[in-house]
Amino acid sequence: MTTKGEKILTDLGFTINESLNIMQMGVTKNFPEDVIVLKNCCQSEFLYLILEGRVEACSIGAAGDFMSVARYGTGDYFGGFESDSISQVTSVKTLEPSSFLLLRISDLNALLPEVNTFAKQVFDNLLSDVARKKNELSELVLQKRAFSAILNVISNSPSNLRSLLETVAENAARLCDANDASILQVEGNELRLVAKYGETQLWPIRGARTINRDWVTGRVIIDRKPIHVLDLQAEKDEFPEGYAIAKKCGHRTIFVAPMIRKGVPIGAILIRRFIVKPFTQKQMELVDTFAAQAAIAIENVRLFKEIKQKSRKLNLQSKELIQWNEILESRVSEQVTQLEQFSKIEHELNLAREIQLSMLPRSLPHLKGFEFYANMIPAKAVGGDTYDFIPLTNDSIAIAIGDVADKGVPAALFMSMVRSFVRAETKPGVSPQKVLQRVNRHIVDMNDKGVFVTVLLGLLNSTSQQFTYSRAGHERPLLIDDKGLIKQLGNDRGQALGVFDTVELEVQVIDFPSDHMLILYTDGITDAIDRQNNIFGVAGIYRTINRMPKTSASKVGKGIIEAVRKHQCGTEQFDDLTMVIVRSLSMQ
């Protein structure tokens, strides 16, 4: 009978025999609730596999303050999490009675020469995933510590604006991997530099510059929108004054976010890099958050000064003074609440992202005569796209790709439901068309919000070398033959699922001989836009493939994703990017 540990290991991609060998090498340990499993866990020699239960990674600061960072459940795994870039220690404790399989990493390394190449890849993927979790946890800790530092300044010195803004600038630069950060405040028709972090001078503190559209920060104030410039030294015509500053100071990539209070711009935060390297969407969102907090802080100080002026000028009565103090305290409380809410939302979104990514296949399938590539890059923390590989028989698998007509958490929840329906209905002997018809009935019966989803579900058979698919409103697939000619399959889109009780579907059977490649994708690939709102389109995929030599599915997929990124040129990603590529191998 298969044990829980063996099942988890086989789900990760190991064979049954490999799973048995690994189980024999490991040590099973049980812990009660609220017990430290891994203390001061930097560079642990063990890989911890959770057989049953839940644990929490928590950061303990130098002052002993406790902060929850992430949670893991049955089937998850972890190792050491501490980063050299943070001073606090991260430990792992149980949230309920839990059981673990402890695998010594050196023992697993010793086993590798005796196992096949695929098992080595699975093991490498495990270690890579542990490293990824370590980096994400370190990033979360740094962000939360940054917000704590700002809260501490607000609590201890609510009227010390310069100290607060310097703290904001320092954390913005550090968390966004920028060379420096500056905070500028609106004074009449000028922007005055009021806080700075970093060695390179923009201009002296309290120095001012007239607000106009010829430099980036001036335009941000006028348009009240953030601006991301990939290389300011290449934007002489667009920002002549900003170009001159960049040539003088040496910076290249910049991002500026306005500080808005009650709909009025009162300043801006500017972060700079002295190389051409775009800021990520998450980094830009962090600067937006810092800008919002700085705006509230400036308003707090304005109110504080106004209180003092009124007190001196009018000799306000005690009751009125109390009222103004209450307003000031309310402003401080508002900022603290917003920071706490942001921290909670950030934590919940990270958990949602981990859950969604864990639902994707942990490894690519193995089917004789074929190789595969798959990737999903959400536009937000979580997305409405998905893909799946469903084993059917020794010589066949089902391949699915889908796109919910929405983004963010609602789309992710809806897609997780659709994915479960597709997996439940996909069985040997049941056609893709029949599966999608059944899934449509499930969705229509419980779809009160009118959300719909496009899906392509296909059956790949290695014996017949055919791909039989049914398409519900999804993007038309592309087939590349052995001569490099590209053909867009299908004639119509069919109907999306979740709209009508009876759905019309496109059904196709295509031959899949040697040296052919099939590309499945969502509209986030083709609808990606550049700064002039030009879409990448199917033509962009054609151009990318035609520039590439005959190569593997992985290189083609990565090449297309890279081409989409270059096309976007630092603009915001508005939709999820998802792609599945299947290549039939040469039999020579």
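I541, T544 and I545 of helix α13 meet V556, G559, I560 and A563 of helix α14. Contact here means heavy atoms within 4.5 Å. The residues of this contact divide into 5 nonpolar, 2 polar and no charged. Ala, Val, Leu, Ile, Met, Phe, Trp, Tyr, Cys and Pro count as nonpolar, Asp, Glu, Lys and Arg as charged, and the others, Gly among them, as polar.

This is a predicted model: local features need pLDDT of at least 70, side-chain atom pairs count only at pLDDT 80 or more, and totals for chains, interfaces and linings use all residues. Residues are numbered from 1 along each chain as its sequence is written, and side-chain values use heavy atoms, with hydrogens and water left out.

Helix α13 spans residues 537-547 and helix α14 spans residues 553-568. Helices (H or I, at least four residues) and strands (E, at least two) are DSSP runs, numbered from the N terminus. The two helices pack at an angle of about 125°, with axes 10 Å apart. That makes α13 oblique to α14. Angles under 35 degrees count as roughly parallel, over 145 as roughly antiparallel, 65 to 115 as roughly perpendicular and the rest as oblique. Axes are lines fitted to C-alpha atoms, for helices over the stretch in contact, and angles run from 0 to 180 degrees between N-to-C directions. The crossing of α13 and α14 is right-handed: the near helix is turned clockwise from the far one by less than a right angle.

Two strands pair if DSSP finds at least two bridges between them. M517 has R583 in β24 as its bridge partner.

How do the helices sit on these strands?

Strands β17 (residues 396-404) and β18 (residues 453-461) pair in the antiparallel sense over 9 bridges. Here A398 has L459 in β18 as its bridge partner.

Now turn to strand β9 (residues 180-187). 6 of its 8 residues are buried, so β9 is largely enclosed by the rest of the structure. Buried means under 20% relative accessible area, exposed over 50%, partly exposed in between (1.4 Å probe, protein chains only). Antiparallel to β9 runs β14 (residues 264-273), joined to β9 by 6 bridges. D180 stands opposite R272 in β14. β9 also pairs with β10 (residues 190-197), in the antiparallel sense over 7 bridges. E187 has E190 in β10 as its bridge partner. The hairpin of β9 and β10 has 2 residues between the strands, and G188 takes a positive phi near 70°.
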